[in-house]
Amino acid sequence: MKMLLFLIMAVALVLIIIAKVHPAGKKISLYIVLGLIALIMLLPFFMMFVMATHTTSEIFSFPPAMWFGGSLSENLANMNLLVDFPKSFLNSCIVTGLNTLLVLLFCSVGGYAFAVYDFPGRKALFAVLLATMMVPWTAGIIPWFLMMSKLGWLNTFQALIIPSCANAFGIFWMRQYCQNNVPVSLTEAARIDGCSEWTIFFRVVAPILKPAYASLGIMQFVNVWNDFMQPLMILREPAKMTLPLMLKTMVGDRGTDYGALMLASTCAVLPLLIAFLCASKFFMSGLTAGAVKE
């Protein structure tokens, strides 16, 4: 601990000297600090990837392994013996993919309606919608479970896909983006040309919403992919388990194969990283849209 504090103080002193001496010192110091923060945030992912290639005994050895090992094939075989990873991966893809697509559809339609149309009770209805965001999800978990039971949706994917396909945050997000980026003159011109309201939305408005779609899609994808509580309450059969439930079953009371567990965790995290990297450009533009008024 003392060595770590000394190292931090030494780095801080070097950054202060650089900022004072060099003409571009402040910018250099900022980049160094941001680079160090990025390395600290990436370190857990790197260690997870490393541990996926080591056995349990090697993981708990001292000093810990800091580079890739040669036990990847052994961990893969052990993982396939413990769980049906491909089936759980497919289940997560089905639940997450369908839910994300429905959220993007219904939330964009709802947000567009609140932003463009002037109908009676719009402000009151939107206020009620925002008020529901202040209620924690756990407060309604028992009524939600009873409703799913009454509908006969226990041990089905419908309970994980349909109830959250039009959430308040998504509608609020899309409304704000439509207000700041969809010109009223554009929709009015489309109406003058004879376009129907659905044609205006899908052919004129939807292409403008790509950054908002990317941002909301990534956030929804991550939330549903990592969700543990709802699948735990709904799903009963091992063949219908999603990845979070499958990972929980790999932790045993009489011992855990941490090499196989780390490999399964790595395979579960990779789709999230790929999705973010593919949509990162639109994601950042969607987050900053409307931040500056022209």
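Analyst: Leaving aside neighbours within four places in sequence, threonine 187 is in contact (heavy atoms within 4.5 Å) with Tyr112, Val182, Ile200 and Val205. This is a predicted model, in which local features need pLDDT of at least 70 and side-chain atom pairs count only at pLDDT 80 or more, while totals for chains, interfaces and linings use all residues. Residues are numbered from 1 along each chain as its sequence is written, and side-chain values use heavy atoms, with hydrogens and water left out.

User: Why is threonine 187 called buried?

Analyst: Buried means under 20% relative accessible area, exposed over 50%, and partly exposed in between (1.4 Å probe, protein chains only). Threonine 187 has 2% relative accessibility, so the residue counts as buried. Its place is in helix 10 (residues 184–192); helices are DSSP runs of H or I with at least four residues, numbered from the N terminus.

User: What makes the pair of phenylalanine 60 and tyrosine 258 edge-to-face?

Analyst: Rings of Phe, Tyr and Trp (its six-membered ring) pair if their centres lie within 6.5 Å; planes under 30 degrees apart count as stacked, over 60 as edge-to-face and the rest as tilted. A search of the whole structure finds 16 aromatic pairs. For phenylalanine 60 and tyrosine 258, the centres are 5.3 Å apart and the planes stand at 75°, so the pair is edge-to-face. Phenylalanine 60 lies in the loop between helix 3 (56–59) and helix 4 (72–82), and tyrosine 258 in helix 15 (residues 258–288), so the pair ties together parts 198 residues apart in sequence. Phenylalanine 60 counts as exposed because its relative accessibility is 57%, whereas tyrosine 258, at 32%, is partly exposed.

User: Why are tryptophan 198 and phenylalanine 202 called stacked?

Analyst: Their ring centres are 5.9 Å apart and their planes at 20°, so the pair is stacked. Tryptophan 198 and phenylalanine 202 are four residues apart in helix 11 (residues 197–208), and therefore separated by about one helical turn. Tryptophan 198 is exposed at 55% relative accessibility, and phenylalanine 202 is partly exposed at 44%.

Conventions
Helix = DSSP H or I, 4+ residues; strand = E, 2+ residues; numbered from the N terminus.
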